[in-house]
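Open the structure in your viewer and keep the selection tool at hand. This tour tells you what to pick next and what you will find there.

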Amino acid sequence: MAADTSRTSRVVVVGAGPVGLFLAGELRLGGADVVVLERLRAPTAESRASTLHARTVELFDCRGLLDALGDPPREPRGHFGGVPMDLTVPGPYSGQWKVPQTRTGEILQDWAGALGADVRRGWEVRGLTQHDGPEDGYVEVTADTPDGTRRLRAAYVVACDGEDSTVRRLTGAALAGTPAVRELLRADIAGIDVPNRRFERKEHRLAIAARMPGGVTRVMVHAFGRPARRRTGPPDFAEVVDAWRRVTGEDLSGGRPVWLNAFGDANQQLERYRHGRVLFAGDAAHRQMPSGGQALNLGLQDAANLGWKLAAVACGRIPAGLLDTYHDERHEVGRRVLANIRAQTLLLLGGPEVEPARTLLGELITAGPARDHLAAMITGLDIRYRVGGGAHPLLGAAHPLLGARLPLGTLPAPDGPLRVAEALRDGRGLLLVSASARAELRWLGKVWSDRLTSVAVRPDTAGPLHGAEGLLVRPDGHVAWAGADPRAAAAAIRHWFGRPDPGL
Ligand SMILES: Cc1cc2nc3c(=O)[nH]c(=O)nc-3n(C[C@H](O)[C@H](O)[C@H](O)COP(=O)(O)OP(=O)(O)OC[C@H]3O[C@@H](n4cnc5c(N)ncnc54)[C@H](O)[C@@H]3O)c2cc1C
């Protein structure tokens, strides 16, 4: 067996799905040495998720990926458990961006590759052992490759290997929650002509049909109360044809199946996203019904949270304790998303007994605060991490942006408006300082100039500072500190970015 033990500061990402590729790019932006191991020799052609929500599109803008995304269709109409709702949210990226997952994967693969990530296809991870040691610990990964078995050493491994994660099994990481008890059958079929159905619920069943570009129709079907089957592969076309006939009376047998799939309502999450030097992101960390495209978006946002932190730890800029904030922040977000998906599953796959709840919800979410609340949650715009500290200098309370994402407007910089997304593009943090702030506060930008971009902004109570003299923004766009006290600012910068380089 050939062993490559030469580098121990590298990060191995297992899985080149969208989450692994986005993470690889983020790690490269942070300066880490990245190898992505993917068992498939070519990217999957399965259509899978087709929705990017507003917060994910914002993150793509922050990394300069909007041009590659092009101008995909945007759909303001969404649903909660099949109850129609308007997903319009404030900001430039409202609505559901309809991008096939295959395209998202291509964009991220090109981006991560251009940044220098080493993506190795045909490498299937089979074994993993952690070796202790706070300074010199490492993880050894064994993979089957086209050239035989190979071993690689890494400082850290991130499992982005999907819902049936091998790394989860190898580390014994425990999933909590409920396994699938119900399932939907799904097929993309060419050559059929059935009416479009958007969550058509009848007494005993649910049927969905949507004609897609290219003349293929996606159908999904579920008979209420029918338990999930133990499967080792996708359903046969005959099973889908039979189920569809029973619930709609229509015959699909003359069509040509392009893709067959069954998915269940499992709702499970790892108890810990970090197991020593092994971390989990995306579907490897949480299993959920793909409802409203939230699974993919949740995973991509895991990657945005983890990438800069792990790069800083792997490159030795900050102690490994920072990685625990990844678990704390993303586990809480995941728990909330899984709870809303569970609520949606009950509403969607429940029998006639859920009709009164659906009717009531439909009334509540036509407009007003209940709609706004759900739209902000589904699009990921309401995420607020517990970053600590930061009393507002004027209000004496927490700054309104503390822990939340900095909205992607423009900053009133002295040389003219500066787009927030552009200021974050290189994956560094951002220190916004009022032009009238104390010199000590402005000086911090110079002390940490290798990790922070400093922007002087015009003192403007209506601007992003909201009356504070300084704002510290992490590379994932979340505000980590706001205030006026230079000592508090320095403590926050040390916490999130490490000690300053004595050479600066
Ligand atoms: C069949 C299917 C259908 C879906 N349909 C929808 C949908 O209609 N709508 C929706 O919103 N969401 C859907 N989802 C969910 C969505 O696709 C996922 O949330 C998203 O793909 C998660 O991305 P990921 O990178 O975490 O995992 P994945 O995209 O699953 O990527 C994991 C990668 O890891 C690789 N891998 C696995 N094991 C190993 C190993 N041992 N060694 C090396 N590589 C390995 C896999 O080949 C894969 O490329 C679907 C998911 C699946 C699996």
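Two rings of Phe, Tyr or Trp make a pair if their centres lie within 6.5 Å; for Trp, the six-membered ring is used. Keep in mind that this is a predicted model. Searching the whole structure gives 6 aromatic pairs.

**Stop 1: F22 and W111**

Select F22 and W111. The ring centres are 5.6 Å apart. How do the planes of F22 and W111 lie, and what is the pair called? Planes under 30 degrees apart count as stacked and over 60 as edge-to-face, with the rest tilted. The planes of F22 and W111 stand at 40°, so this pair is tilted.

Now colour the helices. F22 sits in helix α1 (residues 18–29), and W111 in helix α4 (residues 101–114).

Are F22 and W111 buried or exposed? Buried means under 20% relative accessible area. F22 has 1%, so F22 is buried. W111 has 12%, so W111 is buried too.

Ring pairs join F22, F60 and W111 into a cluster.

**Stop 2: W308 and W496**

Select W308 and W496 next. Their ring centres are 6.3 Å apart, with the planes at 50°, so this pair is tilted. W308 belongs to helix α7 (residues 294–314), while W496 belongs to helix α13 (residues 486–497). This pair also links distant parts of the chain, 188 residues apart. Both W308 and W496 are buried.

The charged end of R474 sits over the ring of W496, 4.6 Å from the ring centre.

**Stop 3: R277 and Y156**

Here is another charge over a ring. Select R277 and Y156. The charged end of R277 lies over the Y156 ring, 5.0 Å from its centre.

**Stop 4: the ligand**

Zoom in on E38. One of its polar side-chain atoms is 2.6 Å from a ligand oxygen atom. At V19, a backbone N or O atom lies 3.1 Å from an oxygen atom of the ligand. At R48, a polar backbone atom is 3.4 Å from a ligand oxygen.

How much of the ligand does the protein cover? On its own the ligand has 980 Å² of accessible area, and the protein covers 91% of that.

Finally, colour the shell by element.

How values were computed. Residues numbered from 1 in each chain as written. Predicted model: local features only at pLDDT ≥ 70, side-chain atom pairs only at ≥ 80, totals over all residues. Heavy atoms only, no water. Helix = DSSP H or I, 4+ residues; strand = E, 2+ residues; numbered from the N terminus. Buried < 20%, exposed > 50% of the residue type's maximum accessible area, 1.4 Å probe, protein only. Lys NZ or Arg CZ within 6 Å of the ring centre and 35° of its normal. Polar contact = N/O pair within 3.5 Å; in protein donor to acceptor, adjacent residues only side chain to side chain. Areas by Shrake-Rupley, 256 points an atom, 1.4 Å probe, with all protein chains shown as cover.
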